[in-house]
Amino acid sequence: MSDPVLEVLTRSVVVSVTATIVALAIGLPLGTWLALTRRPGRRLAVTVVNTGMAVPTVVVGLLVALLLWRSGPLGGLDLIYTLRGMVIAQVLIATPLITGITVGALGLLPPGLPDQLRALGANRRQLVLRLWVEARLPLLAAVMAGFGHAISEVGAATVVGGNIHGQTQVMTTAIVEDVSRGDFRSAMAYAAVLLALAFVVNATLTSVQQRGTAWARS
Amino acid sequence: MGTVLSLRGVRHRRGGRVVLDVAELSVPGGERLAVLGPNGAGKTTLLRLLAAVESPSEGLIRYDGAAPSSQNLVALRRRIALVTQQPGLLSGTAARNVELPLAWRGVPRSERRARALAALERVAVAHLAQRRAHTLSGGEAQRVNLARALVTEPELLLLDEPSASLDPEARADLLTDVDRATADRVTTVVHVSHRVEEALRLADRVAVLVDGHVRQVGPATDVLRHPADARVARLMGYDNVLGGMVGGDGELTVAGLETGMRPGLPSGPCTVAFWATGLDLTEPADGWPHVVVERVTAGPGRWEVALGGPVRLVAHLPMDAVPPAPGDRVSLRLDPRLVAVAR
């Protein structure tokens, strides 16, 4: 693999892994809270999250760019056309996915499980950790979906990152640029690397996930 | 020592409807209280409130005189164990399931395994320790569930029809295990059931719950012999429950038959309850007359005879008796020792 490709690949992975970790740190507790709460407005909140899952990434990119633009409300932070700005955009893309899948995953657990765990003496932290263990298979799917969405999106990366060579160019924006220049050979090379990366990450997570399924064990 | 429970003015609403209304109920430490009631009577709600996983809409439940608060809730729950109808085992091995409540209570790892194995041993499933929970049969899983409840040596053990989903043999075995495990009376046990034979199996006292209200509470044999009303009598397993009348002379009349019994009640209408075994079939015109046999079926070790006449009745006859055929006319004699009379 040539140095520029490796550099772009590394940048892609760093941005998307960072964004996935941050999105997980927000989405997992938020999704858990939404799954467990009985407060009014829960349904509306879940609908908002689910809508967030369907927002086009370029629209997210546009909103983030408007915020981070030099004359925008967060312009002073100087994050437009930076990797950190791209991370922010990808966090906004992955968080609704992880939150939504977490709500769904915990919703699939037996309805009486939280009370049963409380009755067994679990405090709040022990209860939540145990629910995550019980729902670990669909929660891994949430991680896969979050990372997959972040690394494969091109709209937000272009708008917020600007596809600056050696600075903010990532795999997807590099492909778009190569195609627009008619350099299909280079675009295919990036695409192959991106596909291989997606495969390796998902194969690893799937192997962890399937090891946990009942039918695979027995 | 087992937790002393006291409920005062406990009222619980669900969807705006009152599902439980217990004015007063006390359970001394170490007692086994059976709560008997039909489906939908509020039994599970009562156990959820006692397990402190839900708070009553009104009223107070005290544990050893102390009321739960948000500060002591987890500590309180850790003195209690709840065994639900469905085993609800978590992923992992049986032993891991039993260890979990200990881990949550901060018991060191080295001690956990030994205590979990001892608890599994107590309910005769130590050999299942390394089996994955999802590979266990219903009966095995429920035993592991019971071990998981007993492992913490709870002061209060709440059993919500733990044998409901088991076959009759496994049901009897499970109750024997609970009986043995709590025989020392250091644990207060509240056992909820809609089957009278199971409720009585583990009961110093019985509380009969109907439509969210405690209709009667007392020593098991008292409630059995002297049910408070027709509903309680049916729940206590009386096959024949009918209206009777106490005359001015104090004698009980049932459907026109003068029984010769004097139940010691003031004159007026009453409820008469008797078991199917309390009826003897005799020659026509020798007892309670003009009763027509409608149906004869064989029950376990006995004939069950449905009778039509002034009132519909069920009689059990020993297997060696010649059962009457449908259409036969017979007379009945009532064994006064097996008759309960309530207001």
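Modeller: Helix 5 of chain B covers residues 138-150; from its first C-alpha to its last, these 13 residues reach 18 Å, close to the 18 Å expected at 1.5 Å a residue. The expected span is 1.5 Å times one less than the number of residues in the helix. Helices (H or I, at least four residues) and strands (E, at least two) are DSSP runs, numbered from the N terminus. The model is a predicted one, in which local features need pLDDT of at least 70 and side-chain atom pairs count only at pLDDT 80 or more, while totals for chains, interfaces and linings use all residues. Residues are numbered from 1 along each chain as its sequence is written, and chains are lettered from A and ligands numbered from 1 in the order in which they are written.

Because 11 of its 13 residues are buried, helix 5 of chain B is largely enclosed by the rest of the structure. A residue is buried if 20 or more other C-beta atoms lie within 10 Å of its own, exposed if 12 or fewer, and partly exposed in between, with C-beta atoms placed from the backbone.

B:Val144 and B:Ala147, with A:Val160, B:Leu120 and B:Leu158, touch the most other members of the largest nonpolar core, which has 149 residues. Such a core is a set of buried Ala, Val, Leu, Ile, Met, Phe, Trp, Tyr and Cys residues joined through C-beta atoms within 7 Å. Helix 4 of chain A gives the most to this core, with 14 residues. Leaving aside neighbours within four places in sequence, B:Leu120 is in contact with residues including B:Ala94, B:Val98, B:Val144 and B:Ala147; contact requires that the C-beta atoms of two residues, placed from the backbone, lie within 7 Å.

By contrast, B:Pro326 lies in the loop between strand 17 (313-318) and strand 18 (329-334) of chain B. B:Pro326 counts as exposed because it has 12 C-beta neighbours inside 10 Å.

Chain B also contains an open sheet of five strands in the order 12-11-10-13-19, with antiparallel pairing. Strand 12 (257-258) and strand 19 (339-342) stand at the edges with a single partner strand each, so one side of each has no neighbour in the sheet. Strands count as paired if DSSP finds at least two bridges between them. Strand 10 (residues 240-246) and strand 11 (residues 252-254) of chain B are joined by three bridges, and B:Gly244 has B:Val254 of strand 11 as its bridge partner.

Between the chains, 18 residues of chain A are in contact with 18 residues of chain B. On the side of chain A that touches chain B, helix 5 of chain A gives the most, with five residues.

As to confidence, pLDDT is the predictor's score for each residue, from 0 to 100. The average is 89 for chain B, where 96% of the residues score at least 70, and 91 for chain A. The complex receives an ipTM of 0.82 and a pTM of 0.85 from the predictor.
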